[in-house]
Amino acid sequence: MKHEKEQKTSATSFSDEIRSQLGGETIALCYQCGTCASSCPVAKTTERYNPRDIIRLSLLGEKQEVLTSGAIWLCSSCYNCQERCPQKVEIADVIYALRNIAIKEGHIPNIYSEFATGLMNEGRIVPISKFVEKKRPEYGLPPLRPAGLDTLKKILAATGFDKIQWKKEGTP
Amino acid sequence: MTSYALFLGCTIPARQPNYETSARKALTRLGIGLVDLDNMTCCAPPPLQSIDMETSLAIAAHNICLAEEADLDIVTLCTGCFESLAMANNLLRENPKLKARVNKILSNAGKEFKGTKEVKHYLRVLMDDVGLERLKKNVVKDLNSLKVASFSGCHLLRPSALLKFDDPERPHIFDDLIEALGAKSIWYRNKLKCCGGLLRGYADDVALAIARDKIVNTTKAGADCIVTLCPFCFLTLDLGQMLIKSAYKEEYNIPVIHYSELLSLALGIDPKELALDFHKIRLDKVLSKIM
């Protein structure tokens with residue numbers, strides 16, 4: 001009995017944690033019909049990703065597996081699942097919520113550290129190529145306007161984004 | 001003249017002067033004013049939403065604040081930028097509590113999101129401010145023999161509840177705008193499916209397999225070219241054919257062209273002015289069919 005109670009507690013607490021995140025509010029409405037998985041271009045391509053499984057494991061409280069198996073980073077954010085879900089589970093948004101939790105707990109794929117560094121240093125996640133920038137006048141393009149780095153830094157400080165530890169962890 | 005704040009984003013100025021050049025030339029020729037504002041940053045697209053949704057909403061809202069201060073609606077070229085900005089704009093307008101939460105963050109930077117301006121993808125601007133009939137009258141080149149596979153990318157249409165652009169399952173606006181140029185927009189298998197572009201950098205094998213599906217389906221349907229609206233879709237499908245060649249030993253050579261480039265050509269703008277050498281797959285087959 002004690003074991004069952006512990007399981008229930010961990011399931012409820014992870015579910016509550018997801019529901020308290022922006023985008024994660026609707027996860028508990030899922031009744032596992034599988035419309036998401038059958039609409040998903042990634043699930044059709046690889047067995048490494050299945051949105052229905054991610055929702056189920058999350059509701060069962062399998063927090064470590066969900067956050068560290070790498071599956072949550074394979075959503076291509078196409079929103080097909082979310083458009084078609086008969087229960088109005090905002091599945092793509094739930095995946096964002098799970099990624100937000102994973103990042104806070106230090107599970108950060110390298111490419112996301114690079115995006116964050118680009119944002120903090122240049123205000124853009126894709127760095128401007130000096131080669132292309134120099135060629136702009138040849139095409140009659142106006143000079144690029146400066147990115148608002150000062151204001152951006154204040155926003156990143158206010159949300160705590162700049163406090164996240166962008167360590168190189170490798171692909172989880 | 002209707003004028004908009006032009007939101008360029010990162011990928012277009014970083015890698016695709018062909019997109020920017022054609023969009024500026026075509027829109028200006030059709031009487032749309034484009035204003036470049038200082039201090040716009042990254043739009044806060046899916047990669048940033050993945051890191052922290054609250055930060056991404058605040059960054060998107062900050063960009064919209066700059067347009068509000070300039071008293072201009074925003075026009076985007078990239079569908080990714082359209083999604084991030086329009087989603088934030090509509091979400092914050094519809095949710096006062098969230099708006100207050102984001103404004104508390106923005107107050108640290110001396111900004112306030114009001115929600116008084118629109119965020120429009122440039123196809124919406126073409127529909128609203130030019131219209132199909134006037135667009136047709138401006139076409140001077142014959143594109144009748146051109147069969148194109150339109151690919152809007154995911155984030156023009158979805159999430160439809162917030163973007164409100166077109167029917168997410170049976171969209172027609174993009175195809176109407178292609179046919180207004182005289183070209184034939186053809187159907188192909190899995191037309192509305194993703195290009196896989198957002199998985200590049202994390203799972204390149206999966207991204208490439210999904211892109212290959214799109215290349216195979218458009219080729220099988222007999223398209224002369226794929227028409228895109230998003231710089232990520234463009235890269236994934238244009239540069240992607242080089243990667244497919246080396247990973248799968250398959251060669252397709254189907255040209256990928258942005259709608260703004262096709263529009264510029266239809267309006268009679270000289271191809272030499274369009275930076276077309278930034279395409280990996282040569283456009284010769286397309287150019288030869290445009291008289």
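A salt bridge is taken here as a side-chain nitrogen of Lys or Arg within 4 Å of a carboxyl oxygen of Asp or Glu. The model is predicted, so that local features need pLDDT of at least 70 and side-chain atom pairs count only at pLDDT 80 or more, whereas totals for chains, interfaces and linings use all residues. Residues are numbered from 1 along each chain as its sequence is written, chains are lettered from A in the order in which they are written, and side-chain values use heavy atoms, with hydrogens and water left out.

**View 1. Salt bridges between chain B and chain A.** B:Glu20 forms a salt bridge with A:Arg136, in which the closest N and O atoms lie 2.6 Å apart. A salt bridge also joins the side chains of B:Glu169 and A:Arg84, at 2.9 Å from N to O. This pair crosses between chains, with B:Glu169 in the loop between H9 and helix H10 (173–179) of chain B and A:Arg84 in helix H6 (residues 80–84) of chain A; helices (H or I, at least four residues) and strands (E, at least two) are DSSP runs numbered from the N terminus.

**View 2. The side of chain B that touches chain A.** In contact (heavy atoms within 4.5 Å) are 64 residues of chain B and 60 residues of chain A. The two chains bury about 5,200 Å² between them, 67% of it on carbon and sulfur atoms, where buried area is the accessible area (1.4 Å probe) that two parts lose on being put together, summed over both. In chain B, the residues that lose the most area to chain A are B:Ser50, B:Ile51 and B:Tyr202, together 15% of what that side buries. Between the chains, 19 residue pairs, both residues at pLDDT 80 or more, are in polar contact, meaning a pair of N or O atoms within 3.5 Å; within protein, one must be able to donate a hydrogen and the other to accept it, and residues adjacent in sequence count only if both atoms are side-chain atoms. The elements giving two or more residues to this side of chain B include helix H3 (46–51), helix H4 (53–69) and helix H11 (204–220), and H4(B) gives the most, with seven residues.

**View 3. The packing of H5(B) and H6(B).** The two helices pack at an angle of about 115 degrees, with their axes 5 Å apart; axes are lines fitted to C-alpha atoms, for helices over the stretch in contact, and angles run from 0 to 180 degrees between N-to-C directions. That makes H5(B) roughly perpendicular to H6(B), a term that covers 65 to 115 degrees. B:Leu91, B:Leu92 and B:Glu94 of H5(B) make the contact with B:Pro96, B:Leu98, B:Lys99 and B:Val102 of H6(B).

**View 4. The packing of H11(B) and H12(B).** H11(B) packs against helix H12 (residues 231–248) of chain B at an angle of about 105 degrees, with the axes 10 Å apart, and the two are therefore roughly perpendicular to each other. Residues making the contact include B:Leu208 and B:Ile215 of H11(B) and B:Leu237 and B:Ile244 of H12(B).

**View 5. Backbone features in two loops of chain B.** The peptide bond from B:Arg158 to B:Pro159 is cis, with omega near 0 degrees, and B:Pro159 lies in the loop between strand S5 (147–151) and helix H9 (160–163). B:Asn39, although not a glycine, has a positive phi of about 75 degrees, and is placed in the loop between strand S2 (32–35) and H3.

Notes: Angles under 35 degrees count as roughly parallel, over 145 as roughly antiparallel, 65 to 115 as roughly perpendicular and the rest as oblique.
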